[in-house]
Amino acid sequence: MIRVAVDVMGGDNAPREIVRGAVAAAKGSPDLEVILIGRAEDIDRELAAAGATDTPRLSKVAATEVIGADEAPVQAVRRKTDSSTNVGSRLIKEGQAQAFVSAGSTGAFMASALLTAGRIEGVDRPALCTVINTIDGRGSVLLDVGANVECTPRNLLTYGLMGSIYAERVLGRARPKVGLINVGVEEVKGTSLTKEAHALLKAAPINFTGNLEARDILEGHVDVIVCDGFTGNTIIKTAEGVVQGLLGMIKEEITRGTTTKLAAAVLKPAFGRVKKRLDYAEYGGAPFLGVKGMFIKCHGSSGTRAIENGIRVAAEFARTGALAEMERAMSAQGQKADA
């Protein structure tokens with residue numbers, strides 16, 4: 001049985017959408033137990049509203065405090081010891097849950113994971129990774145997407161190693177191709193960071209294919225895309241904005257006149273499929289790689305579907321044994337670097 005803890009109090013749509021997503025996940029997977037963490041009265045109220053008070057494989061752990069999105073992350077984590085964020089992290093450390101899912105404050109989530117569970121040996125700075133949509137529908141793992149705005153070449157090396165393992169084990173990619181975001185495909189291009197990282201990745205025991213320009217991200221040429229957190233966060237937010245803008249413009253144009261409205265009616269199913277392929281909710285959450293435990297961060301505005309998929313991602317991560325492989329790989333890489 002896979003046990004996934006869920007922060008009921010985190011996110012713009014907490015607690016209602018979080019509870020409903022957790023209920024859907026528990027009902028959909030017979031080998032999954034979902035642990036709801038939060039204020040008991042809020043959990044009970046939402047379970048009753050959803051008609052799910054007797055849902056099998058659904059349990060509760062009380063947490064009396066909540067960390068808000070406007071609070072300083074580290075200070076809040078240290079001060080609010082009984083927050084849903086900290087309680088979830090403790091369940092991971094104590095082995096009572098194998099994964100923890102939250103749509104709450106990203107900073108508090110990462111701080112709690114680091115302070116409570118700690119880092120994997122050989123990882124200086126853990127990374128947030130996500131699956132970014134690609135034209136072929138397969139998606140590519142992108143990391144870091146915001147945990148570290150400044151990185152060293154060695155940080156980017158660890159991201160390539162961990163991302164490769166995640167893509168192979170969780171996404172089922174054989175010998176995943178790893179690319180490094182740069183301003184050109186030539187080895188000599190880029191900053192001192194990307195040039196040094198390129199050399200390290202090239203010598204690493206992964207299928208590194210070289211530099212990747214941002215315009216080629218959606219082509220799906222690689223399975224893993226490596227970059228610093230500043231660049232990665234800019235990429236996903238730009239992509240999100242472009243998608244929203246394009247969909248809005250298309251909707252405006254096809255509803256402008258009678259002829260285009262008729263055409264829109266015919267094309268509506270196709271537009272719906274495209275929108276679904278581009279929806280972040282379909283990919284669930286962003287794993288925080290490099291910590292001793294499986295921590296999955298969902299989008300702050302996640303609804304029922306996104307939370308359900310975030311829990312699904314967490315369960316798949318736990319089933320594959322990818323975390324143990326990352327620990328072995330990073331330990332070996334650390335020993336190699338020290339030799």
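Biologist: What do the buried residues of helix 2 pack against?

Modeller: Keep in mind that this is a predicted model. In it, the buried residues of helix 2 pack against helix 1 (16–28), strand 2 and strand 3. The buried residues of helix 2, which spans residues 40–49, are D42, I43, E46 and L47.

Biologist: What makes those buried residues line one face of helix 2?

Modeller: Look down the axis of helix 2: its buried residues fall within an arc of 125°, so they line one face. Here's some background: an α-helix has 3.6 residues a turn, so residues three or four places apart point the same way.

Biologist: How about helix 7: which of its residues are buried?

Modeller: L193, T194, A197, H198 and L201 are buried in helix 7. Seen down the axis, they fall within an arc of 130°, so they line one face of helix 7 too. Their cover includes helix 6 (153–169), strand 7 (177–181) and strand 8. On the other side of helix 7, S192, K202 and A203 are exposed.

Biologist: How do you know that the length of helix 7 is close to what is expected?

Modeller: Helix 7 covers residues 192–203, twelve residues in all, and reaches 17 Å from its first C-alpha to its last. At 1.5 Å a residue you'd expect 16 Å, and the value for helix 7 is close to that.

Biologist: Why is R175 called exposed?

Modeller: Exposed means over 50% relative accessible area. R175 has 61%, so R175 counts as exposed. You'll find R175 in the loop between helix 6 and strand 7. The C-alpha atoms of R175 and I206 are separated by 7.7 Å, though these residues are 31 apart along the chain.

Biologist: Now the cysteines. How many disulfides are there?

Modeller: The count comes to zero. A pair of cysteine sulfur atoms has to be within 2.5 Å to count. The closest cysteine sulfur to that of C129 is in C227, 11 Å away, so that is too far for a bond. C298 is in no disulfide either: its nearest cysteine sulfur, that of C129, is 13 Å away.

Biologist: Are C129 and C298 buried or exposed?

Modeller: Buried means under 20%. C129 has 1% relative accessibility, so C129 counts as buried. C298 is also at 1%, so C298 counts as buried as well.

Biologist: What is the order of the strands in the open sheet?

Modeller: The sheet has eleven strands in the order 3-2-1-4-11-10-5-6-9-7-8, and the pairing is mixed.

Biologist: What makes strand 3 and strand 8 edge strands?

Modeller: Each pairs on one side only, and that goes for both strand 3 (58–62) and strand 8 (207–212). From one strand to the next, the twist averages 25°.

Biologist: How do you know that strand 1 and strand 4 pair?

Modeller: Two strands pair if there are at least two bridges between them. Strand 1 (residues 2–7) and strand 4 (residues 99–102) are joined by three bridges, so they pair, and they run parallel. In that arrangement, A5 stands opposite F100 in strand 4.

Biologist: Which strands does helix 4 lie across?

Modeller: Helix 4 (residues 84–93) lies across strand 1, strand 2 (32–38), strand 3, strand 4 and strand 11 (294–297), and runs at about 165° to strand 4. Helix 5 (residues 106–117) lies across strand 4, strand 5 (127–132), strand 10 (286–289) and strand 11, at about 175° to strand 11.

Terms used:
Residues are numbered from 1 along each chain as its sequence is written. This is a predicted model: local features need pLDDT of at least 70, side-chain atom pairs count only at pLDDT 80 or more; totals for chains, interfaces and linings use all residues. Side-chain values use heavy atoms; hydrogens and water are left out. Buried means under 20% relative accessible area, exposed over 50%, partly exposed in between (1.4 Å probe, protein chains only). Helices (H or I, at least four residues) and strands (E, at least two) are DSSP runs, numbered from the N terminus. Axes are lines fitted to C-alpha atoms, for helices over the stretch in contact, and angles run from 0 to 180 degrees between N-to-C directions. Contact means heavy atoms within 4.5 Å. The expected span of a helix is 1.5 Å times one less than its number of residues. The arc is that of the directions from the helix axis to the C-beta atoms.
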